[in-house]
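Please consider the structure shown below, with attention to side-chain contacts, strand pairing and helix packing.

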Amino acid sequence: AATLWIGCALTACGTLPDAGPNRPALPAHPSELSFPSREIPFPVAADYRHALSAGDVAYVVPDRSLPLIRLTILSPAGDYLLDPEQAGLGGMAAAMLRDGGTAELTPDELDERLDFLATAIGFSISSTQSSASLNTLTVNFDESLELLFDMLTEPRLDPERLRINQDRVIERMRKRNDDTRTIEPQVWSELILGQSFFVNQRPTRASVEAITGPAIERFAKRVFASGRLVVAVSGDIEPAAAVAALERALQRLPRGDDLPEIPDRIAPRPPGLYGVAKPDVNQTRVVVGHPGPRRHHPDEFAIAVMNEILGGGGFTSRITSRVRSDEGLAYSAGSAFSLGRHYPGQFRAFFQSKNESVAQALDIVLEEIRRIRREPVSAAELNTAIESQVAFLADLYSSAARMAGRFASDELNGEHPDYWRQYEARVRAVTADDVQRAAERHLEPDQLRVLVVGQLDQALAGDGRHRGLEATVGRPLTRVPLRDPLTLEPLE
């Protein structure tokens, strides 16, 4: 049928029309295509904001197109509240709130009821914030919301489900050293932030097995406590009805205590060349970078455009085009420059290459970092990067769910009400001189940490035609041991 349809489309059913007197001629090249300008709407968050009696805030964005309601509760509490020996408790709490049943329903009964209601409920607890989410049919909203708050306030935390979830976590832990894709991010985070920084507190077998139902309940009730929550509601519901339902439901939560400040003092290891040996791979994973500034730095938008040109812009960026397209040394290569919200951000360039060509690819990356610091970028590069940086704005408020979610996230993070409204103008104001100044200030070649994870001996030796790895970096290799996947003790 598909073949017949294609044939029909190309022959008997019609052909592409020729340009006529009332039809403009087709351009000779796609670059000559023009499109009507599209004005991006920026709704006012205050129009959808509702202050609730317990001190929480709700954003309600109605959408009558489908008989569905989506609700997300955001909390500013997260894993940073835990002591190091409690590592893993946050993730287990999120899993058990969903899997552990309620006071009146066993886990199986809860699953069956949610399936009958066509309702999805989930929980997430990350380093610096947490969420509870609900998706349901309009006719089932009241019962589904009640079930969500039963799970939050009256969790059964079934011991058998807890044991199953503990076994699952431990089984995943056993695979920590199986792949460079899991080794590299953790070691890199420890290099840039410090091994003891709270986001690097990883669970061990002992810490997971020590998790109990009462510990989960205490932590969950501290995380999802009233007075500091932000709720996003979208879909087939009127604001007054949503607010009334939330007022009733939120009364069931305990009142929140004062949260401590999120830690922001990092302890990066000194600049240098670091390596983790993974002898059984034929490609080595490489990351290059250093700590960076936090959000709302005066150079924020120049940094974003600069990184887009350097390595963040895919095939149009310098690192990608040179390392992948020109030299064929890596399938994936690029860079990212994240500005930290709660603690310092970081710059990192990355690629994965054959063991023998790691030094050659790294040399190109370092060369491009130096070049963007000393030479102005071209007008074409600047224009492409700016257009790429503003393209996502068209989808920022493209649905009721996106609107409510954006309003809630900005409220939780204390974002300025005009931040997104002014975003495009600030990006378009970036000049080539601004890009070079940002590169000079925020790309620091003498502060780079270089991490290689893979076959170190081959990576060090190189291909015999180019400089070796240590000569390319200008520093000797410091070997970082793998850690036992269950105890995190260093391995030989």
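The side chains of Asp236 and Arg64 are joined by a polar contact of 2.3 Å, where a polar contact is a pair of N or O atoms within 3.5 Å, within protein one able to donate a hydrogen and the other to accept it, and residues adjacent in sequence count only if both atoms are side-chain atoms. The model is predicted, so that local features need pLDDT of at least 70 and side-chain atom pairs count only at pLDDT 80 or more, whereas totals for chains, interfaces and linings use all residues. Residues are numbered from 1 along each chain as its sequence is written, and side-chain values use heavy atoms, with hydrogens and water left out.

Asp236 also makes a side-chain polar contact of 3.0 Å with the side chain of Thr138. Asp236 sits in the loop between β6 (230-235) and α9 (239-250); helices (H or I, at least four residues) and strands (E, at least two) are DSSP runs numbered from the N terminus. Because its relative accessibility is 15%, Asp236 counts as buried, the classes being buried under 20% relative accessible area, exposed over 50% and partly exposed in between (1.4 Å probe, protein chains only). Although 173 residues separate Asp236 from Asp63 in sequence, their C-alpha atoms are 5.3 Å apart. Leaving aside residues up to four places away in sequence, Asp236 touches Asp63, Arg64, Leu66, Pro67, Leu68, Ile69 and Thr138, contact meaning heavy atoms within 4.5 Å.

The next topic is the sheet. Six strands form an open sheet of mixed pairing, in the order β1-β2-β6-β3-β5-β4; two strands pair if DSSP finds at least two bridges between them. β1 (49-51) and β4 (120-125) stand at the edges with a single partner strand each, so one side of each has no neighbour in the sheet. From one strand to the next, the twist averages 15°. β3 (residues 68-75) pairs with β5 (residues 130-137) in the antiparallel sense over eight bridges, and Thr72 has Ser133 of β5 as its bridge partner. Helix α4 packs on the sheet and touches β3, β4 and β5, its direction making about 155° with that of β5; axes are lines fitted to C-alpha atoms, for helices over the stretch in contact, and angles run from 0 to 180 degrees between N-to-C directions.

Ser144 belongs to α4 (residues 141-153). At 0% relative accessibility, Ser144 counts as buried. Beyond residues up to four places away in sequence, Ser144 touches Leu117, Thr119, Ile121, Leu134 and Thr136.
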